[in-house]
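Hi,

Here is the structure I promised to pass on.

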Amino acid sequence: MASDAKKTRQFENGSAAFDRISSLPTSLMELILERLPTHDAARTSVFSKTWRNVWGMHPRLHLDEHFISQLVSQKFSELDEQSKILEVSRIITDIFSAHRGPVLDFLLCIPRDLPIHQCQDMVTWIKNIANSGVRKVELLNESQDACIVPSHFFSCSQLTHLTLMNCILNPPLGFEGFRNLISVELVYVTINADMSFGTQLKELEMEICTGIEHLGRQFKRENNLTFLSIIDSEDIDWQWFECTQKMEVLRLGMDEVPSSGTEMITLDKLLCNMPRLSSLFLDGFFLKILESGAAILKKFPRAMENLKYLYLHRIELYDLIQIQHVLCLVRSSPYLHTLDIDLDHGVQSSDGMDLLDLATLSDHMIRLETLKIYDLIGSRAEFQFLKLLLTSSPSLKRIELKMKDIVDDPTEEFRISQELLQIPRASNSAQIQWM
């Protein structure tokens, strides 16, 4: 009898706990689901019909790597790869079937060793999110084989944010873009036909992409781009930069030294149609394709008058072409606030700084407040470059320096610090900080 009474109390206590959980406000249940991984969020549907309904209407569906790996390890670890693909795809399809509400935020991670995008169900998933008015899509493919994005994707009319990794885009003929899309990030993406992401697009990031020449329609006069990043991607069309009046942030970089046949452009032509530009990222390889005539500007380009942040990557102070353009950029940016330089040390056959007229900046005081230079080795060229900047920056407050990892010698850092102290400075308040 005592045992039966104890079981009864346990059942009643458990029922009371479930009643309390199920009686929570719907808004609180939704907040809880937002903070749970998909695997755990789906399990809440066993609590009660109320939880099942809330889960079925939840607008966020993230099928990330953790979700899929947990699924495989718990249920299908003994199966061969093809069977795993079929079973995981079946469960994802079942999740869509049980989800009655719209999916507004969708993430799918394709694991390196489980190419689930090869299953035909992928078409159904994309069709489902397109029909539900999805606004944010992330397709992250970590497998070796690129994911061909199903054609239903191009009917996602409510899409506002898009991230694709290792995917192939085959836009249908006459595709005019997404009318609400404002942000796109592409990594290892191939574009196989002419297209536009839409006139509302504000942010476009492309890294290691091919076929970007098909995006010419994106750069029409009516575009709204404020942020553009093109890193290690092929076939940039310089005519795009004739329609960048709203650009505020620009990042351009190349993965290798340009060939002799690479089309060149002047710094003035590149930036003259960006009156709002406030942040600029360029790398040393890209600087090599700028025509040398751009190193001497008779007047400040309008675009440079608002430039506050300049980040230069893989800069060789022994390369005369690069240094000419670096000094040109600094000289042409009278209101530059922060200069961030990441040095590279190639073949140091000649000291490029020795070939320059060190008066290049002497009659152009700049409003630089923060100077950051990474991967110093203590070369003469570095000291000459620092001298040039320190004597031309009366507003300088902070100097952050970092030695290259191979120079792991406190005495060398001390030597460099002492030499820096001997350099005349236009600013009496500039402080050196080693990172």
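Some ground rules before the rest. This is a predicted model, in which local features need pLDDT of at least 70 and side-chain atom pairs count only at pLDDT 80 or more, while totals for chains, interfaces and linings use all residues. Residues are numbered from 1 along each chain as its sequence is written, and side-chain values use heavy atoms, with hydrogens and water left out.

**Overall picture**

The protein has 12 helices and 15 strands; these are DSSP runs numbered from the N terminus, with helices being H or I of at least four residues and strands E of at least two. Of its 435 residues, 48% are buried. Taking contacts in the protein with a separation of 6 or more, 67% are between residues 24 or more positions apart, a contact being heavy atoms within 4.5 Å.

**Helix packing**

Helix 6 (residues 81-98) and helix 7 (residues 121-131) have axes that come within 10 Å and cross at roughly 20°. Axes here are lines fitted to C-alpha atoms, for helices over the stretch in contact, and angles run from 0 to 180 degrees between N-to-C directions. Helix 6 and helix 7 are therefore roughly parallel to each other (angles under 35 degrees count as roughly parallel, over 145 as roughly antiparallel, 65 to 115 as roughly perpendicular and the rest as oblique). Their crossing is left-handed, meaning that the near helix is turned anticlockwise from the far one by less than a right angle; clockwise would be right-handed. On the helix 6 side the contact is made by Ser 89, Arg 90, Ile 92, Thr 93 and Phe 96, and on the helix 7 side by Asp 121, Trp 125, Asn 128 and Ile 129. These residues divide into four nonpolar, three polar and two charged (Ala, Val, Leu, Ile, Met, Phe, Trp, Tyr, Cys and Pro count as nonpolar, Asp, Glu, Lys and Arg as charged, and the others, Gly among them, as polar).

Helix 6 also meets helix 5 (residues 65-76): their axes come within 11 Å and cross at roughly 115°, and this crossing is right-handed. Helix 5 brings Phe 67, Ile 68, Leu 71, Val 72, Lys 75 and Phe 76 to the contact, facing Lys 84, Glu 87, Val 88, Arg 90, Ile 91 and Ile 95 of helix 6. Eight of the contact residues are nonpolar, none polar and four charged.

**Loops and backbone**

Ile 212 sits in the loop between strand 7 (203-207) and strand 8 (227-231) and is buried, at 0% relative accessibility. Beyond its neighbours within four places in sequence, Ile 212 is in contact with several residues, including Met 206, Ile 230, Trp 240 and our Asp 235. Asp 235 lies in the loop between strand 8 and strand 9 (249-253), and its phi is positive, near 60°, in a residue other than glycine.

Another non-glycine residue with positive phi, about 55°, is Arg 314. Arg 314 belongs to strand 11 (residues 309-315).

Enjoy exploring!

Technical notes:
Buried means under 20% relative accessible area, exposed over 50%, partly exposed in between (1.4 Å probe, protein chains only).
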